[in-house]
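This report goes through selected features of the protein shown below, from an annotated segment to helix packing and aromatic pairs.

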Amino acid sequence: MLSCDICGETVTSEPDMKAHLLIVHMENEVICPFCKLSGVNYDEMCFHIETAHFEQNELERSFARINTIQIRTSDNRKDNTLQCRMEVNSSVHSACASNHPKISAQSLPYDGTLKHKTFYSENLTKSRKFLKSKEKECDPSKIKGSIYETTYSSPECPFCGRIEDCSQDMENHVKTKHADLLDTPSEDHDQPLYDCPMCGLICTNYPILQEHVDLHLEESSFGHGIDRVQCSRDLELAHQLQQEEDRKKRSEESRQEMKEFQKLQRQYGLDNSGGYKQQQLRNMEIEVNRGRMHPSEFHRRKADMMESLAIGIDDGKTKTSGIIEALYRYYQNAATDVRRVWLSTGVDHFHSSFGDKGWGCGYRNFQMLLSSLLQNDAYDDCLKGMSIPCIPKIQSMIEDAWKEGFDPQGASQLNNRLQGTKAWIGACEVYTLLTSLRVKCHIVDFHKSTGPLGTHPRLFEWILNYYSSDREGSPKVMCTSKPPIYLQHQE
């Protein structure tokens, strides 16, 4: 039999004692039997009792010494002395056991606990009185009667408060009436053992094992709950960070797209910075401010521009005639290393001015192509009585062709507006304008290079076949009846 040093409970084996200490004194609260101190472990409680309650511990040791003296001096009172010592020890152990959480919280009624505490305090007071009287009188024969009459009263049950005549009767009472509270295993038969499935702890009492396993489950459930909450928070944080990163990425992409779009708008004249007229006046003012143009010249050119815009006809100040004739003479006489030359019909050259510098090449190429068609009698029915239009007039003519239903896709790309802008035009817009004037034409697209290093041999082969198909003899320089080609290069 093993006895617990804290509460006095006895168990049959060392595993049961370990289970008792784990469940009763380690997992539950340890309370001081003298001052009700709690919240410390078993070792700290022992140290507290030895230091703070030395007088109470000395009292118990004095009881043992007094009992020994009484045994030696009086053989007649031997049995009575042993009986009284058992009562005192039982009272002390009962006081310790009353602080046991399991008994005080689950088994003992409130009245029983109160009576137990009253019994302990009364015995403690009487014991202190006895020690004081012992210091004054050293003769044990004079005080033995008063000691046992005062200190050792009839024993009282610490569980139900029942009073018995002697300690033997009280022991029988406790074993018979309160055996379930003592948890003392019977020795007459083998008790089954229960293993904890979590840690392997062996218990002889199934309710204790159940309580022990419940503690495991509660701890595990609490840990898993914390893990799930932490995992959920981590996922939520990761989702928020991903959303923030995606938002920043979309914002940066949108800003970059807007920047590129504005760049293209400026490049193709769609930034609402004005058209031909505004640029012409602005550039002439700059020339005047730099001293390159006299103010009188500025006003004269401005008047000519306003007149040209009013009638819609180019003023001809950027036109150069006789280009084909000059090329014919050069290749016929000077270019000795050239084997064959094919020239288009007559064409006038138009260069850029202050009003269209940087964006008007497509309009100037159309003016050159139209000048050749006007010199060709084959197009008199379509272009009869027509003059070379100025750039704002060309823009207006293309917008009219869009309104008639020509090239709706191209119209939507340029927002159905060219006048008052510096928008670029290309082969598609020229094709739309010529088609609206009933001039037959078609577009040939060389959408990728056909030679090494980005060269276009098939393009030049197509141009050669276009002009050389008209066999009118075999001179070195041949002037054909073919109009010039409107060539647009996409960088």
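This is a predicted model: local features need pLDDT of at least 70, side-chain atom pairs count only at pLDDT 80 or more; totals for chains, interfaces and linings use all residues.

## Annotated segment

## Overall make-up

The protein has 19 helices and eight strands. Of its 491 residues, 34% are buried. Among contacts in the protein with a separation of 6 or more, 58% are between residues 24 or more positions apart.

## Helices α11 and α12

Two packed helices are described by the angle between their axes and the distance between the axes. Helix α11 covers residues 276–289 and helix α12 covers residues 295–311. Their axes come within 10 Å and cross at roughly 170°. Since angles over 145 degrees count as roughly antiparallel, α11 is roughly antiparallel to α12.

On the α11 side, the contact is made by Tyr 276, Lys 277, Gln 280, Leu 281, Met 284, Glu 285 and Val 288. These meet Pro 295, Phe 298, Arg 301, Lys 302, Met 305, Met 306 and Leu 309 in α12. Sorted by class, the contact of α11 with α12 has nine nonpolar, one polar and four charged residues.

## The loop between α11 and α12

His 294 sits in the loop between α11 and α12. With a relative accessible area of 56%, His 294 is exposed, because the cut-off for exposed is over 50%. His 294 and Met 284 are ten residues apart along the chain, and their C-alpha atoms are separated by 9.9 Å. Met 284 is also one of the α11 residues that meet α12.

## Helices α16 and α18

How do the axes of α16 and α18 cross? Helix α16 (residues 391–403) and helix α18 (residues 427–436) have axes that come within 9 Å and cross at roughly 75°. That angle makes α16 roughly perpendicular to α18, whereas α11 is roughly antiparallel to α12.

From α16, the residues in contact are Ile 394, Met 397, Ile 398, Ala 401 and Trp 402. Their partners in α18 are Glu 429, Thr 432, Leu 433 and Ser 436. By class, the contact of α16 with α18 has six nonpolar, two polar and one charged residues.

## Aromatic pairs

A pair of aromatic rings is described by the distance of the centres and the angle of the planes. The count of aromatic pairs comes to four. One of them joins Tyr 330 and Tyr 331: the ring centres are 5.2 Å apart and the planes are at 75°, so the pair is edge-to-face. Tyr 330 is partly exposed at 47% relative accessibility. Tyr 331 is partly exposed as well, with a relative accessible area of 24%.

Tyr 466 and Tyr 467 form another edge-to-face pair, at 4.8 Å centre to centre and with 80° between the planes. Together with Trp 462, Tyr 466 and Tyr 467 form one aromatic cluster.

Note on methods:
Residues are numbered from 1 along each chain as its sequence is written. Side-chain values use heavy atoms; hydrogens and water are left out. Axes are lines fitted to C-alpha atoms, for helices over the stretch in contact, and angles run from 0 to 180 degrees between N-to-C directions. Helices (H or I, at least four residues) and strands (E, at least two) are DSSP runs, numbered from the N terminus. Angles under 35 degrees count as roughly parallel, over 145 as roughly antiparallel, 65 to 115 as roughly perpendicular and the rest as oblique. Contact means heavy atoms within 4.5 Å. Ala, Val, Leu, Ile, Met, Phe, Trp, Tyr, Cys and Pro count as nonpolar, Asp, Glu, Lys and Arg as charged, and the others, Gly among them, as polar. Rings of Phe, Tyr and Trp (its six-membered ring) pair if their centres lie within 6.5 Å; planes under 30 degrees apart count as stacked, over 60 as edge-to-face and the rest as tilted. Buried means under 20% relative accessible area, exposed over 50%, partly exposed in between (1.4 Å probe, protein chains only).
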